[in-house]
Amino acid sequence: MKKIFSFALIMLGVAGNLLAQERTGKVSDGASNAGLPGVNITVQGTNTGTVTDVNGMYKISVASGSKLVFSFIGYSTNTQAVGASNSVNVQLFASNTELSEVVVSTGSRNVQRTVTDAAVPIDIIGASDLKMTGQTTFDKALQYTVPSFNTVNTPVNDATTLLDPWEIRNMGPSRTLVLINGKRKNLSSLLYVQFSPGRGETGVDISAIPQQAIKRVEILRDGASAQYGSDAIAGVMNIILKDRYEYTSLNFNTGVTSKGDGGMYGLALNGGGNFGSKGFINYTVDFSQQNSAVRSGIIHVPTEIATFGGSPGQDALITNYLKDYPTGGNINGTAETTAGKFLINFGVPIGNDNEFYGNGAMVVKRVSSFANYRTPYWRQDRGLLHSVTDNGGKNYLTAATLAFPTEDKVDLYKGYIGYVPTFEGELLDYNATLGLKGETNGWKHDGSLTIGGNTQSYTVDNTVNRSLGKSSPTRFKPGGYEFSHLVGNIDISKAVTDKIGIAFGVEARTEAYTIVAGDDASFNQEGSNSFPGINKLNAGVNKRFNLGAYFDVSYDISKNFLINGTVRTENYSDFGSKNVWKISSRYKLADDKVVLRGSVSTGFRAPTLHQIYAQSVQAAFAGGTIQLSGLFNNRSAQARALGIPNLKPELSTNISFGLGFNPTKNLSVTVDYYNIRVTDRIVYSSSINTDDKRLAIPTTDLGRILKGTSVGVNNFDLASVQFFINGIETVNSGIDYVISYRNVELGKGKLGISLAGNFVLDNSIIGNPTVPKAIADAGSSILNTQIRSLLTNSRPRYKSILSLNYALNKWNFNLANTLFGSTSFQDLDNGGDDMENIKAEFKPAIVSDLSVGYNFSKNVSFTANVNNLLNVLPMWDLIALNSKGESAINTPEKKALLRGFLGFSGRYDILGYNGSQFSQLGTMFNANLQIRF
């Protein structure tokens, strides 16, 4: 009987397949009747699916009685039953509720409106937009998609290889709030302290988010502290995950630079399933390997002699060594990175009006990079760590106790060519949300609980702690950092009438920041060379709690005139309460083809736990030697001795107004002005020192701290001290514009044109910084020229992206041209007093990216990308600011010497030690093969 039953089932399956027949049709826009390319079509309850071509046409094999599901971003999903006809034509209509899952889009916590109706500027970036950039990580894809978004990798920055700082509107990574499906994402545990853009900040590690899991990204370019709380001064980025299952995709990625290094290999799987009419589960697994790309500069001998020389013998050693090793053995460039990423998103309907939902992600990452090569004329760790193997100065060198062949420094390098410390970092980043949302009697409710965390641990190898002599190990564990949060949200909204909507809610959040001590050898006295460890006295767990509540009301005064207002109050356990508000409005003209909009708001940013409690000793290159600098937190005895107050929140005032113009379905233009004024802005101070420390018994508090004779944890001399302080007031203003023209008939295909840009009108520090008396008495300042230039000139003054996308049958071509404006730096530590009168300026440049895609079938597609098609490299030069500056660079020799000081004698002449506008690696080739099943 069982055999008969099984045979019947098989025959039914065969019959079903035989009944399946090819259906064709067209999917068009319900308003314009134009064909819609890229619409996803699936057979309900199966893995069978396809997408429409450039004209909105499709083919699919399906049996009568089945149902086809048509879905497209920005449109309501349409489900059609398949009858006897072989043709199934469908119209999709733009949906006012399709984006309702993304409360950020309106800048209001009320019921969702379309982007056209929004009172604030919004960028919506689809998964295909990110893919066409050819960039391997999410943050770099945004760099070439959003004009006001900037990030770049910088060389030899140790822990920063785990996270490249990014920012929107030159406001730093900590002033943009990041959400995952509308819920707050945890910060990184890393506090960025290098002399590069983003210094003194921390932010979300968005590079950890797998691109294959992203449905779209929405960026609200307006202050939103009243709606979302701290960190939303520059705006909000909401990352929407893929939800309803459409097909399983397997992506193979590979790439390499034009020089043959920096190889990249990746494998990503996205899949899932649907259950019931609304239930779904969607998951992504992503593995990637990025090899290092080396771009070491040739060392400028006169600068190296000026830095390390001083005697005929030493000068001869430098000259002879650099003849044999022109790069000084440096291995500067991008790090080697291995990453594994897992993400899941699900929704379970409960009855007709409620849903239990959740998502979770975990990322593990390992990086490996190199410190500056320790040449024998710079640092001689005799008998502790050296090599007798000549491999171009680029080999890993091993510990040894061999005697040098001679004491003559001129010949020393013949038996000792130096060594290069390595840095290894391991990262774990995770987040998860569970919630219940629904509607009861017109009241929409959403309650959720979110956890998240970021852990980093470090290892330095092939180096020594000179203070320990021959007992020094050569591998150290210098410690690490951890950050975690737990967030609870309840949000309620209701359309009271057809004109009035209200929303209110509460958020409770706990945060914990942990400083993990290194092993004893890593921090004892001088500490491990290149990356001193974290002292046990600085380690610990630091926590705080905050509670916030908001109330939001929107009023449609007429069909065209909207006004929205929000108030919020928050209380933090470590500094008290803050109250903020926002008012926004928009007015529609000419049958909704013209939209005028504007907003005014106040905001705040709480100091991060990192900025409040971080305390450590760092090693940095200055004046030709490795010098130790101490970071003392604001609650330390050292800070109290110097009169440094406890940190308090930053306060902001945001003003924006703009115009939206939509004369046709395919043409849209937006122009928006913004002005962000921040008072009590938190800055990481300059390296502060005083000549008083050179006295046997210093006479000032600053001198005693540097000498190591003051209160505190340091028992050795420091070259300088640093700390965080609410020290400055800044203003950032500019103009954003976006012009988009779609579906232009060109031959047998369709062309899309997009021009988007950001132009900075003002990015300046207002007035003079607040300098504590003890520091002023010692003749120092918290904000030198170097730090000022990082805050005001280190990001492009303008940036525009012109994209041309052409779809023809199975082909898709995309050419993007990104114009980067100039940036500049002034580096006092390496340039001396002359840098007050000179700046290093990166010149404007255009980077072109080409993407070519081909669909072999409905299930197999291939995309090839050439990033930086013309191999444009960042170029910089010295610019005189006055007559003194002109005198300092009026001969090629003088100019070369100062240029050498800025790039560590030319080691970073290609890379730019402080960073640049875009990648320094030149042309890169990437390819993607996608298989659907």
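Arg509 and Glu511 form a salt bridge in which the closest N and O atoms are 3.3 Å apart. A salt bridge here is a side-chain nitrogen of Lys or Arg within 4 Å of a carboxyl oxygen of Asp or Glu. This is a predicted model, in which local features need pLDDT of at least 70 and side-chain atom pairs count only at pLDDT 80 or more, while totals for chains, interfaces and linings use all residues. Residues are numbered from 1 along each chain as its sequence is written, and side-chain values use heavy atoms, with hydrogens and water left out.

Both Arg509 and Glu511 are buried. Buried means under 20% relative accessible area, exposed means over 50%, and partly exposed lies in between (1.4 Å probe, protein chains only). The two residues also belong to a network of salt bridges that links Arg184, Asp231, Glu507, Arg509, Glu511, Arg544 and Asp574.

A search of the whole structure finds 38 salt bridges. One of them pairs Glu650 with Arg175, with the closest N and O atoms 2.7 Å apart. This pair links distant parts of the chain, 475 residues apart: Glu650 is in strand S32 (residues 650–661), and Arg175 is in the loop between strand S10 (166–168) and strand S11 (176–180). Helices (H or I, at least four residues) and strands (E, at least two) are DSSP runs, numbered from the N terminus. Glu650 is buried, with a relative accessible area of 0%, and Arg175 also counts as buried, at 0% relative accessibility.

Another salt bridge joins the side chains of Asp243 and Lys215 (3.3 Å, N to O). These residues are 28 positions apart, with Asp243 in the loop between strand S14 (235–241) and strand S15 (249–257) and Lys215 in strand S13 (residues 214–220). Asp243 counts as buried because its relative accessible area is 16%, and Lys215 counts as buried because its relative accessibility is 17%.

Glu570 lies in strand S27 (residues 561–572). Its relative accessible area is 1%, so Glu570 is buried. The side chain of Glu570 makes a polar contact of 2.8 Å with that of Asn546, and one of 2.9 Å with that of Arg568. A polar contact is a pair of N or O atoms within 3.5 Å; within protein, one must be able to donate a hydrogen and the other to accept it, and residues adjacent in sequence count only if both atoms are side-chain atoms. Leaving out residues up to four places away in sequence, Glu570 touches several others, among them Gly229, Ser230, Leu547 and Phe604. Contact means heavy atoms within 4.5 Å.

Gln722 is found in strand S34 (residues 720–722). This residue is buried, with a relative accessible area of 3%, and its side chain makes a polar contact with the side chain of Tyr684 (3.4 Å). Gln722 and Ala639 are 83 residues apart along the chain, and their C-alpha atoms are separated by 9.6 Å.

Helix H13 covers residues 785–793, and its buried residues include Thr785, Ile787 and Leu790. At the start of H13, a side-chain oxygen of Asn784 reaches to within 3.1 Å of the backbone nitrogen of Gln786.

The protein chain as a whole has 16 helices and 44 strands. Of its 933 residues, 56% are buried. Among contacts with a separation of 6 or more, 70% involve residues 24 or more positions apart.
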